[in-house]
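Subject: Handover of a protein structure

Dear colleague,

Please find below the structure that I am passing on to you. My notes on what was found in it follow directly after.

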Amino acid sequence: VQLQASGGGLVQSGGSLRLSCVASGIIFSINNMGWYRLAPGEQRELVASITRGGTTSYVDSVKGRFTISRDNAKNTVYLQMNSLKPEDTAVYYCNMVVSLSPIQRADSYWGQGTQVTVSS
């Protein structure tokens with residue numbers, strides 16, 4: 001299973017970006033999907049997650065600004081980021097919990113990371 005993330009870039013404060021992450025390979029089902037970020041000198045942080053049924057959760061600092069969504073048919077997770085702030089600057093990683101077969105335990109897979117830079 002490979003996860004390919006895209007959509008990062010440089011944006012001014014108050015701007016928007018949309019991240020995408022698509023999973024490919026032998027996939028039976030995908031349970032939770034999520035986006036993490038890692039800023040210099042900081043610990044990795046779970047930004048947002050979404051269950052297979054669509055239940056979402058967010059870290060307090062992005063509530064009301066970021067929206068996570070998924071397309072199960074396309075094995076894809078999105079992160080719409082609005083009203084971006086300089087403190088959102090980080091490398092963003094997608095994560096998916098994937099089952100390869102009905103009898104196999106689900107494992108966690110990671111994308112390669114995409115840089116988001118917000119200038120003030």
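Valine 1 touches Ser24, Ile26, Ile27, Val98, Leu100 and Tyr109, leaving aside residues up to four places away in sequence; contact here means heavy atoms within 4.5 Å. Between valine 1 and valine 98 there are 97 residues of sequence separation, yet their C-alpha atoms are 8.3 Å apart in space. Valine 1 belongs to the segment before S1. Its relative accessibility of 33% makes valine 1 partly exposed, given that buried means under 20% relative accessible area, exposed over 50%, and partly exposed in between, with a 1.4 Å probe and protein chains only.

Two remarks on the basis of these notes are in order. This is a predicted model, in which local features need pLDDT of at least 70 and side-chain atom pairs count only at pLDDT 80 or more, while totals for chains, interfaces and linings use all residues. Residues are numbered from 1 along each chain as its sequence is written, and side-chain values use heavy atoms, with hydrogens and water left out.

Overall architecture

The protein chain has 11 strands and 0 helices. Strands (E, at least two residues) and helices (H or I, at least four) are DSSP runs, numbered from the N terminus. For 120 residues, a compact globule would have a radius of gyration near 14 Å, and the 14 Å of the protein chain agrees with this; the radius is taken over C-alpha atoms, and the globule rule is 2.2 Å times the number of residues to the power 0.38. The C-alpha trace spans about 50 × 25 × 25 Å along its principal axes. Of the contacts in the protein chain with a separation of 6 or more, 55% are between residues 24 or more positions apart. Buried residues account for 39% of the 120 residues.

The nonpolar core

Which residues have the most contacts inside the largest nonpolar core? They are Trp35, Val77, Leu79, Met81, Tyr92 and Met96, in a core of 29 residues. S1 (2–6), S3 (17–24), S4 (29–38), S5 (45–50), S7, S8, S9 and S11 (114–119) each supply at least two residues of this core, and S9 gives the most, with 5 residues. A nonpolar core is a set of buried Ala, Val, Leu, Ile, Met, Phe, Trp, Tyr and Cys residues joined through side-chain atoms within 4.5 Å. In soluble globular proteins, nonpolar side chains tend to be buried together. Tyrosine 92 touches, among others, Leu19, Trp35, Val47, Phe66, Leu79, Met81 and Val116, not counting residues up to four places away in sequence.

Loop residues

Asparagine 75 lies in the loop between strand S7 (66–71) and strand S8 (76–81). Its phi is near 50°, a positive value in a residue other than glycine. With a relative accessible area of 22%, asparagine 75 is partly exposed.

The loop between S8 and strand S9 (90–99) holds serine 83. Serine 83 also has a phi near 50°, positive although the residue is not glycine, and at 40% relative accessibility serine 83 is partly exposed.

With kind regards
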